[in-house]
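Work through the exercises below with the structure open beside you. Try each task before you read its solution.

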Amino acid sequence: MDSAHARLLAEDLAEGGPSDARLRIRVGVPALEALQRGDAAPARRALRGSTDDPTATLARLFVLGDAMPAASVADALPRLGLTGAEQMGVLSRRDGLVVPLVAIRPHQFDEQPGWIASDLDELAGVFPLRADHVLGVGGAGRTLAAMLPPSGSGRALDLGCGCGVIALHLRRRGYDVVATDISERALWFTRLNAELNGLGGIDTRLGSLFEPVAGERFDLIASNPPFVITPRTDGVPQYEYRDAGATGDALMAQVVGQVAAHLAPGGSARLLGNWEDAPGVPGLERVRGWTAGLGAWVVEREHLDPVRYAELWVRDGGTRPGTAEHQALMDAWLDDFSARKVDGIGMGWVVLADIPGLARFERVPQHVDTAHLGSHIAEVLTTAERLARLDDAGIAASVLQVAGDVTEARHHLPGAEAPSVLELRQGGGLARTEDVDPALAGLVGACDGDLPVGVLIDAIAELLEADAEALRQDLLPRVRELLLTGMLRFL
């Protein structure tokens with residue numbers, strides 16, 4: 001990687017590159033939103049015929065993958081020039097036209113705009129994908145970035161870094177980063193993206209999974225590993241970015257099982273993954289077995305049947321329905337699931353930390369606003385550490401406050417004076433809804449940072465004419481749960 005050339009390209013992109021703000025002006029919000037959904041047609045229509053506008057030229061070249069007149073591209077890259085861009089390997093010249101060799105698209109790093117280079121994809125009209133395709137920023141990458149702590153320090157590992165977007169987020173948030181991948185092409189993109197975004201402090205290493213960091217420990221491990229469950233059958237493409245050659249979910253089990261050996265004291269991990277339902281054993285229970293020795297919070301966001309899972313990943317590789325290739329790949333996937341008696345696949349998040357007693361394995365299918373997901377995960381881990389040190393007497397002695405995003409909903413049968421259903425609803429966090437009874441609702445409502453929980457329970461017991469000790473035994477575990485979910489908070 002020629003750092004001098006990369007810096008010149010970064011300057012040209014800053015001057016006239018297709019940032020989200022500039023694209024919004026040139027193609028309009030609906031076309032930009034379609035582009036973000038993977039549909040290039042409205043943006044291409046809006047930019048058609050534009051050859052004298054650097055932003056439009058670079059958008060058509062690097063975002064949409066169009067060949068462009070050499071003179072227009074030269075004007076759009078005044079510092080780098082066509083020769084420098086060719087030497088970098090980001091474009092080539094053919095018969096008076098310039099052809100992109102990579103995609104370079106805008107990416108928002110928290111409040112800071114930036115750029116991510118990756119291989120050309122379906123958005124740029126490339127399908128099926130090459131086996132060593134390096135993925136750009138998709139939904140999974142955005143989710144993992146949202147899961148990261150908002151700030152930090154110490155050493156972080158981006159395991160299976162791909163284009164390097166997570167490594168860049170980690171570096172921006174204060175970590176010294178090691179980024180590993182089995183693909184030299186992926187590491188090339190990671191180094192390029194670090195240069196395009198003016199970031200040092202990222203150490204790229206070639207190798208499989210944890211092999212490049214044997215014996216090392218990290219304060220944070222983040223990974224979107226190649227976890228896609230793929231049939232081990234001739235004729236099925238093996239894309240490096242999603243398939244590590246393992247059978248079923250064995251790769252995911254390996255990654256989760258090796259995290260503990262690489263976490264520094266007080267460290268934690270954020271992973272994405274898939275897991276299978278084995279005969280008689282739901283996927284979440286199988287993941288529980290992988291996490292022995294660490295505190296674990298596993299969230300299953302989706303649960304797909306084999307047909308939907310196969311459709312997802314056959315289509316992801318660029319093979320389109322209605323073709324013979326699509327039928328053959330669907331058969332391979334469904335034959336594999338049938339042979340191994342897999343009838344469901346979970347997709348979600350894995351958070352690991354050295355916290356005694358943290359063992360949450362749950363399905364959370366509702367929509368979650370990820371804008372503050374990283375902060376929420378960090379708060380949950382901090383609360384879990386504190387709860388691990390407190391028995392019921394400690395909870396009773398604590399002064400708590402209801403979170404500011406929690407509301408109460410009451411549902412009445414027509415004509416009834418008392419509500420038949422009471423719910424606590426969380427506006428942030430994981431947008432949970434918890435059914436509660438009058439005693440717990442009254443306790444939560446009274447948690448205003450003034451009196452200890454035990455005193456409040458005694459007062460509620462007197463009001464309800466209930467046995468105070470029995471009410472404590474009922475409410476204190478539920479208070480612990482509301483603390484862990486972020487509905488209640490310690491003062």
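Predicted model: local features only at pLDDT ≥ 70, side-chain atom pairs only at ≥ 80, totals over all residues.

Residues are numbered from 1 along each chain as its sequence is written, and side-chain values use heavy atoms, with hydrogens and water left out.

**Exercise 1. Aromatic pairs**

Task: Find how many aromatic pairs the whole structure holds, and classify the pair Trp188 and Phe189.

Solution: 
- Start with the rule. Rings of Phe, Tyr and Trp (its six-membered ring) pair if their centres lie within 6.5 Å; planes under 30 degrees apart are stacked, over 60 edge-to-face, and the rest tilted.
- Search the whole structure. Four aromatic pairs turn up.
- Take Trp188 and Phe189. Their centres are 4.9 Å apart and their planes make 75°, an edge-to-face pair.
- Now check Phe189 for burial. Its relative accessibility is 0%, so Phe189 counts as buried. The cut-offs are under 20% relative accessible area for buried, over 50% for exposed, and partly exposed in between (1.4 Å probe, protein chains only).

**Exercise 2. A tyrosine pair and a cluster**

Task: Say why the pair Tyr239 and Tyr241 is called tilted. Then name the members of the aromatic cluster that includes Trp313.

Solution: 
- Look at Tyr239 and Tyr241. The ring centres lie 5.9 Å apart and the planes stand at 35°, so this pair is tilted.
- Tyr239 has a relative accessible area of 4% and is buried.
- Tyr241, at 17% relative accessibility, is buried.

**Exercise 3. Charges over rings**

Task: Which rings lie under Arg172 and Arg386?

Solution: 
- Apply the test. NZ of Lys or CZ of Arg must be within 6 Å of the ring centre and within 35 degrees of the ring normal.
- Arg172 has its charged end over the ring of Phe109, 4.9 Å from the centre.
- Arg386 lies over the face of Phe490, with 4.0 Å to the ring centre.

**Exercise 4. Two threonines**

Task: Is Thr247 buried or partly exposed, and what does it touch?

Solution: 
- Helices (H or I, at least four residues) and strands (E, at least two) are DSSP runs, numbered from the N terminus.
- Thr247 has a relative accessible area of 45% and is partly exposed.
- Leaving out residues up to four places away in sequence, Thr247 touches Arg232 and Arg340. Contact means heavy atoms within 4.5 Å.
- Pro231 is 16 residues from Thr247 along the chain, with 7.2 Å between the C-alpha atoms.
- Thr291 is buried, at a relative accessible area of 7%.
- Leaving out residues up to four places away in sequence, Thr291 touches Val256, Ala296, Leu352 and Phe361.
- The side chain of Thr291 also reaches the backbone oxygen of Arg288, at 2.9 Å.

**Exercise 5. An open sheet and its helices**

Task: Give the strand order of the sheet that contains β14, and find which strands are at its edges.

Solution: 
- The order is β18-β14-β19, three strands in an open sheet with antiparallel pairing. Two strands pair if DSSP finds at least two bridges between them.
- β18 (448-452) and β19 (488-490) stand at the edges; each has a single partner strand, so one side of each lacks a neighbour in the sheet.
- β14 (residues 399-402) pairs with β18 over two bridges. Val399 has Pro452 in β18 as its bridge partner.
- Helix α18 (residues 453-464) packs on the sheet and touches β14 and β18; its direction makes about 80° with that of β18. Axes are lines fitted to C-alpha atoms, for helices over the stretch in contact, and angles run from 0 to 180 degrees between N-to-C directions.
- Helix α19 (residues 468-485) packs on the sheet too, touching β14 and β19, with about 85° between its direction and that of β19.

**Exercise 6. A parallel pair**

Task: How many bridges join β6 to β7, and how many residues of β7 are buried?

Solution: 
- β6 (residues 155-159) and β7 run parallel, joined by five bridges.
- Asp158 stands opposite Ala179 in β7.
- β7 (residues 176-181) is mostly covered, with five of its six residues buried.

Note on methods
Polar contact = N/O pair within 3.5 Å; in protein donor to acceptor, adjacent residues only side chain to side chain.
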